[in-house]
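Me: I'm new to reading structures, and I'd like to know how the labels get decided. Can we go through some of them one by one?

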Amino acid sequence: MSDRHISQHFETVAIHAGNTADPLTGAVVPPIYQVSTYKQDGVGGLRGGYEYSRSANPTRTALEENLAALEGGRRGLAFASGLAAEDCLLRTLLSPGDHVVIPNDAYGGTFRLFAKVVSQWGVEWSVADTSDPAAVRAAITPKTKAVWVETPSNPLLGITDIAALSQVARESGAKLVVDNTFASPYLQQPLALGADIVVHSLTKYMGGHSDVVGGALVVADQALGEELAYHQNAMGAVAGPMDAWLVLRGIKTLAVRMDRHSENATQVADMLTRHARVTRVLYPGLPEHPGHEIAAKQMKSFGGMVSFQVEGGEEAAVEVCNRAKVFTLGESLGGVESLIEHPGRMTHASVAGSLLEVPADLVRLSVGIENIDDLLQDLKQALG
């Protein structure tokens, strides 16, 4: 969208980038182009560049332009899910025999993709603590093509210094990939800190209402963006027009939602640190968090995700999840409603027995935008 540079302020860009008024009716919201094919102006004469909606769709184009503007990238691509985006990225960047450094704390689906899918293709991977640049440097081999980072990480809320790792990756000729799902581009912009590629599960904060599944890639390099777009079309896991429209709708309120998510999560984390049954609280906004200073440097605020460990072990953690009432027991995150889950048995069951295995007494919260007093009271009664 040519007018995406009308403002440097995030809130304005989020509402206007990609959202050009419909030329036919003047509608201020992009239409849902629920269409598979397009009438061409003669053989090979594409009207507006559209021929078939796997290759391009105007609603998806609006979202992709919006994503690129928000992350400060040259090209944005929208997919059917976050894992579809990751799969396209890996098959574009890598060939059999290549190597990737992955974090020691990551989404279970991402680990499964590396451990059970990409490895069958002959791609090698090794685990490193990405909060330690020296550990990442030691894990890099001559075959390393990518360094994969989540910050904040899922579910232990670890923080990685993006600028420092971008230098490590650059020295080795590898691409730095940052999963920015937990932060969203409102709180953190990895490309500006030196990353090459940003990954999102649009299902989470970007959509924001637990009513859509989607994924995205945003890149700093135009040539890489074109290569990814070729593979996206060739493999076909694209975002549908209705899904793209829902994410665009959600992004318009991303800034105000993230402010409230962060404000509520800060108060939840503070309460949990003082609760007798809680043995450890993981939230980068806490001064005692080992990544607090880096998070404060590279994030606008600290986000809406909080994890904590409880006395009594796994069964006690499961019981806390079961007793919650305002916090809904469920997977996923980033919606306006608060969610609670047991990562070891739910989102991260796939990492059991690996170097990424999560503590059995861990509870993960996605703190929503409800009244904070209701959220605090619910957690207190759940903890007993």
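Me: What makes the N371 side-chain oxygen and the D373 backbone nitrogen a polar contact at the start of α13?
Reply: A polar contact is a pair of N or O atoms within 3.5 Å; within protein, one must be able to donate a hydrogen and the other to accept it, and residues adjacent in sequence count only if both atoms are side-chain atoms. Here the oxygen of N371 comes to within 2.8 Å of the nitrogen of D373, so the pair passes the distance cut-off. By the way, this is a predicted model: local features need pLDDT of at least 70, side-chain atom pairs need 80 or more, and totals for chains, interfaces and linings use all residues. Residues are numbered from 1 along each chain as its sequence is written, and side-chain values use heavy atoms, leaving out hydrogens and water.

Me: How do you know that the length of α13 agrees with what a helix should span?
Reply: The expected span is 1.5 Å times one less than the number of residues. Helix α13 (residues 372–383) has 12 residues, which should give 16 Å, and its end C-alpha atoms are 17 Å apart, so that agrees. Helices are DSSP runs of H or I, at least four residues long, and strands are runs of E, at least two, numbered from the N terminus.

Me: Which residues of α13 are buried, and which are exposed?
Reply: Buried means under 20% relative accessible area, exposed over 50%, and partly exposed in between (1.4 Å probe, protein chains only). The buried ones are I372, L375, L376, D378, L379, A382 and L383. They cover an arc of only 160° around the axis, so they sit on the same side of α13; the arc is taken from the directions from the helix axis to the C-beta atoms. On the other side, D373 and Q377 are exposed.

Me: Why do residues three or four places apart point the same way in an α-helix?
Reply: Because an α-helix has 3.6 residues a turn.

Me: What makes Y283 and F302 an edge-to-face pair?
Reply: Rings of Phe, Tyr and Trp (its six-membered ring) pair if their centres lie within 6.5 Å; planes under 30 degrees apart count as stacked, over 60 as edge-to-face and the rest as tilted. The centres of Y283 and F302 are 6.5 Å apart and their planes are at 70°, so edge-to-face it is.

Me: Why is F302 called buried?
Reply: Its relative accessible area is 18%, so F302 counts as buried.
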